[in-house]
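The following account leads through selected features of one structure. Please keep the sequence and the coordinates in view while reading.

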Amino acid sequence: MSKLEIRDLHVSVNTDEGAKPILHGVDLTINSGETHAIMGPNGSGKSTLAYSLAGHPKYEITGGTVLLDGDDVLAMTVDERARAGLFLAMQYPVEVPGVSVSNFLRTAKTAVDGEAPKLRTWMKDLKGAMAELKMDEAFINRNVNEGFSGGEKKRHEIVQMELLKPKFAILDETDSGLDVDALRVVSEGINHAKETTDSGVLLITHYTRILRYVKPDFVHVFVDGRIAEEGGPELAEKLEAEGYESYVGTKAA
């Protein structure tokens with residue numbers, strides 16, 4: 001059983017006008033096998049939380065702690081966080097010209113595991129993961145995300161999750177830009193990866209539609225860089241019906 005503990009996390013983002021505080025004391029604990037959904041309006045700090053956990057240099061930690069099984073995540077480099085078991089599926093996956101999907105994924109797997117996967121099993125695992133996400137095997141030889149549709153990029157992110165088997169997966173608006181069919185496929189991929197690894201999942205989203213397929217254990221309402229309310233799946237239904245208006249301008253609970 002693994003545990004990711006976020007305690008009183010304060011984060012600022014570097015802008016041309018100087019440092020701008022975004023997170024104002026976030027407390028959150030995720031255990032293996034749990035799915036936590038973070039929902040909130042635009043600009044509430046949801047993506048800032050995701051990128052801060054992953055180690056993006058644009059974001060400065062000004063207070064608080066993040067522990068993964070007792071180890072200080074904030075003292076780790078980005079690659080050390082990945083090897084420790086953190087994974088980030090980006091809202092806007094970047095294109096990497098000149099690097100094939102196959103080489104990228106095998107290099108990532110080698111870096112995370114500390115040894116290269118055996119070739120005789122690697123292609124089988126890669127093709128199996130791509131089949132799970134209904135991606136054509138031709139993508140194996142294409143450059144990473146180059147010319148991919150939005151849905152194909154999101155599927156590729158979950159292929160990475162399937163193969164890297166993280167302890168905790170942070171999914172930053174993985175549902176954005178997906179049509180109904182792609183949303184169902186991506187959601188099934190998330191569920192499969194979670195079930196086969198017992199990963200904890202931090203799912204950031206604006207909408208409840210993905211939560212119909214990826215069932216959350218806990219829902220957290222994020223407003224003004226804080227968690228304003230917490231509850232179970234029923235809280236997502238409340239947000240669907242009422243929106244975020246009642247939380248705007250309120251203090252964290």
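Lysine 153 and glutamate 95 join through their side chains in a salt bridge, with an N to O distance of 3.8 Å. Lysine 153 belongs to helix α5, whereas glutamate 95 sits in the loop between β6 (86–89) and β7 (96–100), so the pair ties together parts that are 58 residues apart in sequence. Lysine 153 counts as buried, at 16% relative accessibility, while glutamate 95 is partly exposed at 43%. The model is predicted, and it holds nine salt bridges.

Two further pairs lie within helices. In helix α3 (residues 101–113), aspartate 113 and lysine 109 are four residues apart, and therefore separated by about one helical turn. Their closest N and O atoms are 3.2 Å apart in a salt bridge. Lysine 109 is buried, because its relative accessible area of 12% falls under 20%; aspartate 113, at 41%, is partly exposed. Helix α2 (residues 78–84) contains arginine 83 and aspartate 79, also four residues apart, and their side chains form a salt bridge of 3.1 Å, N to O. Arginine 83 is partly exposed at 41%, as is aspartate 79 at 40%.

Helix α5 (residues 150–164) also packs against helix α6 (residues 180–197), at an angle of about 10 degrees and with the axes 9 Å apart. The two helices are therefore roughly parallel, since the angle is under 35 degrees. Among the residues that meet are Ile158 and Met161 in α5 and Val185, Val186 and Ile190 in α6. By class, this contact comprises seven nonpolar, three polar and four charged residues.

How values were computed
Residues numbered from 1 in each chain as written. Predicted model: local features only at pLDDT ≥ 70, side-chain atom pairs only at ≥ 80, totals over all residues. Heavy atoms only, no water. Axes fitted to C-alpha atoms, helices over the stretch in contact; angles between N-to-C directions. Parallel < 35°, antiparallel > 145°, perpendicular 65-115°, else oblique. Contact = heavy atoms within 4.5 Å. Nonpolar A, V, L, I, M, F, W, Y, C, P; charged D, E, K, R; others polar. Salt bridge = Lys/Arg side-chain N within 4 Å of Asp/Glu carboxyl O. Buried < 20%, exposed > 50% of the residue type's maximum accessible area, 1.4 Å probe, protein only.
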